[in-house]
Amino acid sequence: MVLITAGTKEDCRWDLPDDLYYHRKDHIWVSVEGSLVRMGLDAFGQWAAGTLAQMRTFPVGRAIRKGHAFGNLESGKFIGPMRSPVSGKIVEVNTEVVSNPSMVNDDNYGNWIVLVEPSSLEEDLADLPNGAAAIREWMEAELQEFRDKDLLNCD
Amino acid sequence: MQDCLDPVIPALYKPAWESARASFGDSVFFYAPSIKRYETSAYQNSTRPFFIPVSVTGGSCRLKCDHCRGGILKSMHAAASPAQLLEIGERLARRGGGGLLVSGGSRADGSVPLSGCLDAIRELKEMGLKVAVHTGLVDERLADGLAAAGVDSAMIDIIGANETIKRVYHLNASTADFERSLALLCQSNVKTSPHVVLGLDFGNISGEMQALELISNYDIWSLALVVITPQPGTPMRAVVPPRPAELGGLFREARALFPRTPVLLGCARPAGDHKTETDALALKSGLNGIAYPAEGIVELAAALGLSPRFSEHCCSLIFQEGTDDRAGGQLASC
């Protein structure tokens, strides 16, 4: 587990498990489980989005492409797409979370969003941060970008 | 759901639609200030802050109204002093930002402690920033001070039922106090943009029409309608908001009461299908603008023959549209 912190506010502490892979900008985590991958919103992503109010995903059976939307999200601070870190086909949607998305705010790793059968997993994972060092390096750059844009609001 | 996106004006909505076209032509404005990152198939706002909300009380609010409990303040930039407010504004101006919403929690008497910030607001204006303020209840001195500071817009929530003021705001005040504040702002020549929260009384419609009628007696610059949105951790977390059709009725009434004043659907309203239906009815009622429109709404506007325009400013500033080319944002490439 990698713990990232910023500023003095209590909620500016984000756990990022080092065995997961991450979409660098949309903060979607990927857990490789045999021949499938499970995806959800990482701790920083749910913090940046605020309270999740509405979530939609493509249906089971729909093909999705790396870097393209697999659904969309509306929250206190965000309205927009959730982009997939991998290509493949949606094989299961966590309907409980989709119908009550603030569950992600309560437990963002337990409350996954979709299960995907990947089509080019090795290639897709190659540029995603994974492991403590890579996650820390990625998040430090991400925090700096948020600071530069005055979006961190942690003091 | 799909029906609401059909580009057809129902008979009930035709008078409102035609009134809007007669007064305002075919323009409709869509707003996406930096309170939220916004990205739909039609429009995305800039990734850098452009128009930001700032709370002069940080996260604290004495009123703790039942619909918010101060939660909305937490997503704002905190300015604990006028110097901090200036610092935030200077940083924003340096980065090419356009303006600020100066807000804050209320004191127990329903006022927002803005009087200490008036000099800072004047300086923000001198930097070329637009400044909208959430006033709460005002006295004559604050109304005059806001005018002298040159605020671009004063936003004040108007409540039309005494029971709602007591039940939801827990405030020892009456509709007459809200009217007095509105009158003072108008008398001081502050460009005032009242807000009415539809369904504020735990989702029930009670007093909204009275609020609209009260406001219609004053020379306002724009009117924003917002919809009660259940917030986790508040006594209203499970309320059922008014149905889109009920909201559509209020939109039509507002259009009729304000035939030549811009009427907008503001930032707050429930998400999902409810939002799509509400936004579609806002367009069909001839409202002048919508903040953070649902997916498909910009396309609906175009299909209805309207000319969509986009801005990252606060929607209450609609009366300034066309006077500023620093609108930010970009049309989506698709």
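**View 1. The open sheet of chain B in the predicted model.** Five strands form an open sheet in the order S5-S4-S6-S7-S8 of chain B, and their pairing is parallel. Strand S5 (77–78) and strand S8 (153–155) of chain B are the edge strands, each of them pairing on one side only.

**View 2. Pairing of S6 and S7 of chain B.** Strand S6 (residues 99–103) and strand S7 (residues 130–134) of chain B run parallel and are joined by 4 bridges. Among the residues involved, B:Gly99 has B:Lys130 in S7(B) as its bridge partner.

**View 3. Helices H2 and H3 of chain B lying across strands.** Helix H2 (residues 82–94) of chain B lies across strand S4 (51–55), S5 and S6 of chain B, and runs at about 160° to S6(B). Helix H3 (residues 118–126) of chain B lies across S6 and S7 of chain B, at about 150° to S7(B).

**View 4. Buried and exposed residues of H2(B).** B:Leu85, B:Leu86, B:Ile88, B:Gly89 and B:Leu92 are the buried residues of H2(B). Seen down the axis of H2(B), these residues fall within an arc of 160°, so they line one face of the helix. Their cover includes S4, S5, S6 and H3 of chain B. The exposed residues B:Ala83 and B:Arg94 are carried on the face of H2(B) turned away from its buried side.

Methods:
Residues are numbered from 1 along each chain as its sequence is written. Chains are lettered from A and ligands numbered from 1 in the order in which they are written. This is a predicted model: local features need pLDDT of at least 70, side-chain atom pairs count only at pLDDT 80 or more; totals for chains, interfaces and linings use all residues. Side-chain values use heavy atoms; hydrogens and water are left out. Two strands pair if DSSP finds at least two bridges between them. Helices (H or I, at least four residues) and strands (E, at least two) are DSSP runs, numbered from the N terminus. Contact means heavy atoms within 4.5 Å. Axes are lines fitted to C-alpha atoms, for helices over the stretch in contact, and angles run from 0 to 180 degrees between N-to-C directions. Buried means under 20% relative accessible area, exposed over 50%, partly exposed in between (1.4 Å probe, protein chains only). The arc is that of the directions from the helix axis to the C-beta atoms.
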